Amino acid sequence: MTRRSTARLPTALALCCLGALVAVFAGIPEASLLVGPWAVLVVLGLNRSGPVAVEVLVSPEHERVVVGDTVTLDSQVTATGDALVTLTPNPAREFWPTDATAAERSAQSTVELVTSDRTAVVVSELPANEWGAHDVGRLNIEVDLPYGLFRQHGRTAATETVRVHPTASQLRQLLTPWLVRRVAGTHRSAESGTGIEYADLRRYGPGDSVRDINWRVSARTNDLWVSQRHPDRASDVILLVDSFVESGHDVRRIFGLVAEASIALAESHLGATDRVGLIEFGGLVRWVTPGTGRVQLQRLTDALLATGLYRNAADRELPVFSARALPARSFVIAFSPMLDSRFVDAVTAVRARGHDVAVIDCLAEEALQTHQPTTATRLAMRLWLADREMMRDRFAEQGVIMAAWDGSGHLDATLAEIVARRRRAVRIGGP
């Protein structure tokens with residue numbers, strides 16, 4: 001910690017000198033009595049001006065919160081001497097709202113009197129306005145030494161990470177994959193077997209269960225007929241996340257939509273006994289191996305919150321997805337604003353490898369708006385929108401259904417649109 005004098009020290013010294021000069025040269029000894037308290041203050045302050053070692057241990061009350069909650073920090077402060085300690089939270093820049101003023105940040109400061117014989121506990125509260133993994137453990141420390149002539153400044157070295165999750169979305173709609181695993185689950189399979197939903201009738205044969213006999217049809221035909229049903233299967237769901245940065249757009253707003261939709265769908269499919277994995281496709285490729293259970297949801301959430309955003313200028317060949325990251329017969333759900341051609345090519349390549357693919361376009365609506373559009377701007381926007389429509393048509397020809405979600409409506413509406421389009425594609429010609 002660095003020690004500096006406060007404004008009180010030069011003020012006290014100036015008053016003492018002024019009183020001495022008036023008493024000596026003006027012949028007014030009473031002036032020395034007026035500045036006597038300041039002289040005593042200087043003597044006592046210099047006598048107690050030795051540095052005070054302060055130790056601060058910071059621990060957040062909760063390591064995981066949701067956007068809109070309050071992060072509570074408990075700080076244990078110990079000192080080798082008596083001092084007035086002021087703690088001001090200094091979290092990562094992204095943790096504060098963009099419109100937060102310096103006065104609002106300084107209002108989070110907490111002042112506590114610390115003595116050498118006791119440990120003080122300081123409680124600080126921060127608003128969690130931004131999703132992500134944030135460093136909130138750094139605190140600015142100001143120590144006012146006795147009599148207020150000197151002040152020490154420092155900052156805590158330890159870091160504490162708090163993960164702020166996007167607002168949870170309860171989904172009623174679930175995307176049904178075309179390809180499933182031979183594991184019991186909740187998705188209807190096109191095959192015939194043991195299940196609930198009726199599929200077809202056929203004549204009774206050796207090995208058929210008596211339970212499958214359809215007695216009504218058998219009574220009308222004087223022959224034994226059995227009911228065939230669609231078995232319920234599970235699937236491997238892979239969340240393909242676009243972490244490229246396109247200049248000119250609110251990156252954190254767009255990727256916030258990507259993270260919110262990804263976590264909501266991951267929680268829904270994990271609840272349906274599916275195995276869910278994650279692939280981050282940006283300046284690098286990293287993935288979370290598919291798994292099940294609440295622990296897997298935590299792994300996926302941590303990976304999304306720790307996702308790095310990469311500049312579009314880093315144009316280089318990216319590695320092909322490995323078989324471990326993308327198992328056979330996977331259902332790939334891509335989340336992207338579809339602004340980077342490399343991600344579009346990656347979606348096409350995944351579909352070409354025989355995987356079932358659906359795309360959720362997470363381009364925020366305000367990213368398409370301009371304050372004062374000119375004729376050239378409006379024309380360029382129309383051409384750009386026409387190009388995106390052509391891209392959707394090319395995806396549809398390949399069996400990839402794409403729907404937009406800008407965060408204004410509920411995600412269920414977008415999922416219902418994807419489900420309806422996939423059903424129409426199956427009726428027309430299959431996936």
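Student: Which are the buried residues of α1?
Tutor: In this predicted model, the buried residues of helix α1 are Leu9, Ala12, Cys16, Gly19 and Ala23.

Student: Where do they fall, seen down the axis of α1?
Tutor: They lie within an arc of 100° about the axis of α1, so they line one face of the helix. On the other side of α1, Leu18 and Phe25 are exposed.

Student: What covers the buried residues of α1?
Tutor: The cover includes β1 (2-5), α2 (30-34), α3 (36-47) and β10 (150-155).

Student: How many residues has α1, and what follows it?
Tutor: Helix α1 spans residues 8-25 and has 18 residues. From its first C-alpha to its last it reaches 26 Å, close to the 26 Å expected at 1.5 Å a residue. The helix is followed by Gly27, whose phi is positive, near 70°.

Student: Turning to the cores, how many residues has the largest nonpolar core?
Tutor: It has 36 residues, and those with the most contacts inside it are Leu239, Leu278, Ile333, Phe335 and Ile360. Several elements give two or more residues to this core, including β16 (236-242), β18 (275-281), β21 (330-336) and α10 (411-428).

Student: Which element gives the most?
Tutor: Helix α6 does, with nine residues.

Student: And what is Leu278 in contact with, leaving aside its neighbours within four places in sequence?
Tutor: Leu278 is in contact with Leu239, Val241, Arg286, Trp287, Val288, Leu300, Ala303 and Leu304.

Student: New topic: how many salt bridges does the structure hold?
Tutor: The structure holds twelve salt bridges. One of them joins Asp302 and Arg64, with the closest N and O atoms 2.7 Å apart. This pair links distant parts of the chain, since Asp302 is in helix α7 (residues 294-305) and Arg64 is in strand β3 (residues 64-66), 238 residues apart.

Student: Is Arg64 buried, exposed or partly exposed?
Tutor: Arg64 has 31% relative accessibility, so it counts as partly exposed.

Student: Which residues are joined with Asp361 into one network?
Tutor: Salt bridges that share partners join Asp361 with Arg388, Glu389 and Arg392. The side chains of Asp361 and Arg392 meet at 3.5 Å, N to O. Asp361 is in strand β22 (residues 356-361) and Arg392 in helix α9 (residues 375-397), 31 residues apart. Asp361 counts as buried, at 4% relative accessibility.

Student: Lastly, where is Thr72, and is it buried or exposed?
Tutor: Thr72 is in strand β4 (residues 70-79). At 15% relative accessibility, Thr72 counts as buried. Leaving aside its neighbours within four places in sequence, Thr72 is in contact with Ser59, Pro60, Glu61, Val123, Ser124 and Glu125.

How values were computed:
Residues are numbered from 1 along each chain as its sequence is written. This is a predicted model: local features need pLDDT of at least 70, side-chain atom pairs count only at pLDDT 80 or more; totals for chains, interfaces and linings use all residues. Side-chain values use heavy atoms; hydrogens and water are left out. A salt bridge is a side-chain nitrogen of Lys or Arg within 4 Å of a carboxyl oxygen of Asp or Glu. Helices (H or I, at least four residues) and strands (E, at least two) are DSSP runs, numbered from the N terminus. Buried means under 20% relative accessible area, exposed over 50%, partly exposed in between (1.4 Å probe, protein chains only). A nonpolar core is a set of buried Ala, Val, Leu, Ile, Met, Phe, Trp, Tyr and Cys residues joined through side-chain atoms within 4.5 Å. Contact means heavy atoms within 4.5 Å. The expected span of a helix is 1.5 Å times one less than its number of residues. The arc is that of the directions from the helix axis to the C-beta atoms.
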